[in-house]
Amino acid sequence: MNRRNFLKDTAVLTSASLLPASVWSLAKNDRLRTAHIGVGNMGGEDLRDISSHELVDVVALCDVDSNLLAKAHKLHPSAKTFSDYRKMLEELGDGIDAVIVSTPDHTHAPASMKAMEMGKAVYCQKPLTHHVTEARAMRKLAEEKNLVTQMGIQVHSFYDYKLATLLIQSGIIGKVKTVRAWSPKNWGYDGPVPEGSDPVPDTLDWNLWLGTSAQRDYKEKVYHPGNWRKLMDYGCGTLGDMGVHIFDTPYNALALDVPKTIKNKCRKPNGFGFPENNIVTYQFPGTQYTTEKFKWVWYDGEGAPKKHKELRLPDKEALPDQGAMFIGEKGRLLLPHFMQLPKLIVKGKYQNIDAEIAAVEQSSGLGKPIRNYSSEGPKHYHQFVDACLGKDTCSAPFSYASRLTETILLGVIAGRFPNKTLHWDNEKARFAEEEANQFLDAPYRDF
Ligand SMILES: NC(=O)c1ccc[n+]([C@@H]2O[C@H](COP(=O)([O-])OP(=O)(O)OC[C@H]3O[C@@H](n4cnc5c(N)ncnc54)[C@H](O)[C@@H]3O)[C@@H](O)[C@H]2O)c1
């Protein structure tokens, strides 16, 4: 059936214009043909969880590292393999329905935009993009083309995060004044600008790895694989890494939009690696779930978070390694990251909230917790696949993910101006401080 006939036939059943564009092409066999860009490390997990859906056919695998590509190919021998995502998309064209982007952050937007321009549904890892302008462009294109999209924040679909959202929205701590969130994670290369260069391994296409980013010499153990995340040209630091997961629940629960002001307390920038310790304070306009003024504070780096009375737990208990504390008018809600129940603290004591949880479980259809990563993990991916097949809706589409990512990236940019308050104009998508606007974007290299 060609596309024109399909549209004609489905018009009898439904208004085709209401269907996401990426659903149109699935008429043939009700199965989803996926192409995966970046199949090592997290890309390997993405491939496993997407392909665990019974209606998925993995038709293409792309990676700039031939060793990692070969490993994935062993699991999906019928998929075609590529090192350049542009060639993959051009060659396979209509043979692909959905694209999964699991590369380092700087390649998220260039690869996703190309796929979306071709009308493909896209599942893209977090943070959605490396630059603010890219996040806005991704959102616009997904909307214009009416595409199914999902950002890779799989814990968004986990029980405890959904529960915390529902509890906060039910008013368990009243209106929320502040959220404090933290992660001491410190992975990736964190040293000085490396001197000299190393020969590029035969198994790596370094030019394709760099993609649209500026030309740079290869150095072992600095960039690929997995070492790039604390380097400004490729990653977004710990805030753009763990912060996306940990900020997701407060962002969603409190129905936040982008902030008005941002300040990052950190060391002076060195133009290469992100500061090792950041305390980022955001002020947001109030929402129906917050007080008129709402503040969000992020702590990362060794020893994070700094001691604060709002983070004190009953009986001098230690804070979980990573998490978020909601501070409301009637108490505090602690949400450890992750797969642990949120805890209510009122007047310095934990409160029993079994009844509140039971009520929320019943009224929302949330069900009971399954604290098993292998069974919870795939849900977010399967939701995307089902949405592509017209059977579900994505909970972290680019319309949501782009605003969350923009917020995160504004804090990353504030790290270029230590201790200075930056003022963000949502309408104009510009800072009042002209010197900060140069970091909203970066030129793309032809590669
Ligand atoms: N959602 C999560 O829980 C989670 C966890 C870890 C990482 N991530 C995200 O996943 C992404 C990848 O992180 P990682 O730790 O796996 O990084 P990595 O560097 O270890 O792996 C990236 C993979 O992409 C490949 N690659 C790089 N550039 C490519 C290109 N241009 N075309 C095709 N393949 C390319 C690499 O060879 C490698 O296989 C990041 O955006 C990261 O933030 C998400």
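Which elements each supply at least two residues of the shell around the ligand? Please take α3 from there.

Reply: Helices (H or I, at least four residues) and strands (E, at least two) are DSSP runs, numbered from the N terminus. This is a predicted model: local features need pLDDT of at least 70, side-chain atom pairs count only at pLDDT 80 or more, and totals for chains, interfaces and linings use all residues. Residues are numbered from 1 along each chain as its sequence is written.

The shell first. The ligand has 29 residues around it, and Gly38, Gly40, Asn41, Met42 and Gly226 come nearest. By class, the shell holds eleven nonpolar, 13 polar and five charged residues. Ala, Val, Leu, Ile, Met, Phe, Trp, Tyr, Cys and Pro count as nonpolar; Asp, Glu, Lys and Arg count as charged; the others, Gly among them, are polar.

Now α3 itself. Its buried residues are Gly43, Asp46, Leu47, Asp49, Ile50 and Ser51. Buried means 20 or more other C-beta atoms within 10 Å of the residue's own; exposed means 12 or fewer, and partly exposed lies in between, with C-beta atoms placed from the backbone. These residues pack against the strands β1 (32–37), β2 (56–62), β4 (98–101) and β6 (149–152). They also pack against the helices α4 (66–75) and α13 (378–388).

Take Asp49. This residue sits in α3, which covers residues 42–51. Asp49 counts as buried because it has 23 C-beta neighbours inside 10 Å. Leaving aside neighbours within four places in sequence, Asp49 is in contact with Gly377, Pro378 and Tyr381. Contact means that two C-beta atoms, placed from the backbone, lie within 7 Å. Asp49 and Gly377 are 328 residues apart in sequence, yet their C-alpha atoms are 7.6 Å apart in space.

Next, the domains. The assignment gives domain 1 (3–155) and domain 2 (156–189 + 233–372 + 398–440). Such bounds come from an automatic or database domain assignment. The two C-alpha centres lie 29 Å apart. Across the boundary, 22 residues of domain 1 are in contact with 24 residues of domain 2. On the domain 1 side, α7 (132–145) and β6 each supply at least two residues. The largest share of that side, eight residues, comes from α7. By class, that side has ten nonpolar, seven polar and five charged residues.

Eight of its eleven residues are buried, leaving α8 mostly covered. Among the buried ones are Tyr161, Leu163, Leu167 and Ile168. The cover includes β7 (176–183), α10 (242–253), β11 (323–328), β12 (332–336) and α11 (354–364). After α8 comes Gly171, with a positive phi near 90 degrees.

Finally, the whole. The protein has 15 helices and 16 strands. Buried residues make up 47% of its 447 residues. Of the contacts with a separation of 6 or more, 72% join residues 24 or more positions apart. The C-alpha trace spans about 65 × 60 × 40 Å along its principal axes. A compact globule of 447 residues would have a radius of gyration near 22 Å, and the protein's 22 Å agrees. That radius is taken over C-alpha atoms, and the globule rule is 2.2 Å times the number of residues to the power 0.38.

How values were computed:
Near = placed C-beta within 6 Å.
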